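Hi everyone, thanks for making time this morning.

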Amino acid sequence: MGLAVEVGTLAYWLNDTKPDKEGVEWLRKKLARINKTLTEAGLPEHHEPETLPARKSRAYLSSFSYSDIHYLRRAVAYARQAPEKFCPLPEGANPARDPMIDNELSIYMDSHFICHSDCEGFYVPIDFEEILYDDGLPGVMLGSSQQALTEIVRAAPLLGIALTDGELSDKEASKIAKDTNDLGQYWIERQVWLTMYEVFRYSIAQGTVVMFT
């Protein structure tokens with residue numbers, strides 16, 4: 001088992017040839033809870049689309065092991081705190097135990113990408129600075145797709161990812177998607193980066209939540 005990163009889930013379930021009625025009911029309840037969380041924080045409600053255009057992701061992966069997301073979180077932490085100190089993770093080391101990540105979780109506590117459950121939860125396509133907390137939501141923490149996208153874009157240079165005005169070209173996306181562990185350092189970080197970039201970008205463009213399951 002691993003972390004699946006989904007976007008446009010309600011529209012997909014509703015328009016499937018065999019709609020997941022239980023899944024739809026569950027997700028509608030969670031979306032209502034998200035709106036309660038948003039409005040209590042003085043933010044606008046989110047209106048999840050029930051139909052969406054076909055999604056064409058340039059990422060090779062839509063899911064990965066639970067530990068893999070911590071590789072990218074480590075890069076984001078360094079990008080935020082000390083980009084000049086970023087280096088490959090020593091063999092056998094756990095990225096989640098890096099002091100930079102500990103700083104984010106125990107001192108700064110404002111990174112939407114890092115301060116989020118690594119196995120469940122939501123990001124909503126509304127731009128807000130402070131992470132929202134609600135015990136009634138999976139994963140407790142509700143993040144902003146806009147803020148999370150900004151954070152991973154900031155980490156791109158550390159991973160050798162070339163962007164033009166914050167945008168990823170098809171050529172560069174194809175290059176990342178073909179990465180393997182035989183093609184140099186940071187291949188896990190780069191694969192997860194591409195998956196998350198594509199997900200957050202679609203979330204913002206189409207106004208749909210990102211869901212970790």
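Before I go on, a word on what we're looking at. This is a predicted model, so local features need pLDDT of at least 70 and side-chain atom pairs count only at pLDDT 80 or more, while totals for chains, interfaces and linings use all residues. Residues are numbered from 1 along each chain as its sequence is written, and side-chain values use heavy atoms, with hydrogens and water left out.

Back to the cysteines. Take Cys 115: its sulfur is 15 Å from the closest cysteine sulfur, that of Cys 119, and this is too far for a bond. Cys 115 is buried, at 5% relative accessibility, while Cys 87 is partly exposed at 36%. By buried I mean under 20% relative accessible area, by exposed over 50%, and by partly exposed anything in between, with a 1.4 Å probe and protein chains only.

Now the sheet. Six strands form an open sheet with mixed pairing, in the order β2-β1-β6-β3-β5-β4. At the edges sit β2 (63-64) and β4 (132-133), each of which pairs on one side only. A note on naming: helices (H or I, at least four residues) and strands (E, at least two) are DSSP runs, numbered from the N terminus. Two strands pair if DSSP finds at least two bridges between them.

Let's go along part of that order. Strands β3 (residues 121-124) and β6 (residues 210-212) run antiparallel and are joined by three bridges; here Tyr 123 stands opposite Val 210. Between β3 and β5 there are also three bridges, but these two strands run parallel, and Val 124 faces Ser 144 across that pair. Then β4 and β5 pair in the antiparallel sense over two bridges, with Tyr 133 and Met 141 as bridge partners.

Where do the side chains of β5 point? Met 141 and Gly 143 go one way, Leu 142 and Ser 144 the other, and all are buried.

Helix α2 (residues 21-40) lies across β3, β4, β5 (141-144) and β6, and runs at about 60° to β3. Helix α7 (residues 187-206) packs on the sheet too, touching β1 (3-7), β2, β3 and β6, with its direction at about 25° to that of β1. Contact here means heavy atoms within 4.5 Å; the axes are lines fitted to C-alpha atoms, for helices over the stretch in contact, and angles run from 0 to 180 degrees between N-to-C directions.

Within α7 we find Gln 191, which is buried with a relative accessible area of 5%. Leaving out residues up to four places away in sequence, Gln 191 touches Tyr 60, Leu 61, Ile 176, Ala 177, Lys 178 and Asp 179.

Helix α5 (residues 145-155) has several buried residues, including Ala 148, Leu 149, Ile 152 and Ala 155. Their cover includes α3 (68-81), β3, β5, α7 and β6.

Last topic: charges. How many salt bridges does a search of the whole structure find? Twelve, a salt bridge being a side-chain nitrogen of Lys or Arg within 4 Å of a carboxyl oxygen of Asp or Glu.

One of them joins Asp 134 to Arg 33, with the closest N and O atoms 2.8 Å apart. This pair links distant parts of the chain, 101 residues apart: Asp 134 is in the loop between β4 and β5, and Arg 33 is in helix α2. Asp 134 is buried at 10% relative accessibility, whereas Arg 33 is partly exposed at 31%.

Another salt bridge is between Arg 58 and Asp 170, at 2.9 Å from N to O. Here 112 residues separate the partners, with Arg 58 in the loop between α2 and β2 and Asp 170 in helix α6 (residues 170-177). Arg 58 is buried at 18%, but Asp 170 is exposed at 57%.

Finally, Asp 98 and Arg 74 meet at 2.9 Å, N to O, and both partners are buried, Asp 98 at 9% and Arg 74 at 3%.

Notes
Disulfide = S-S within 2.5 Å.
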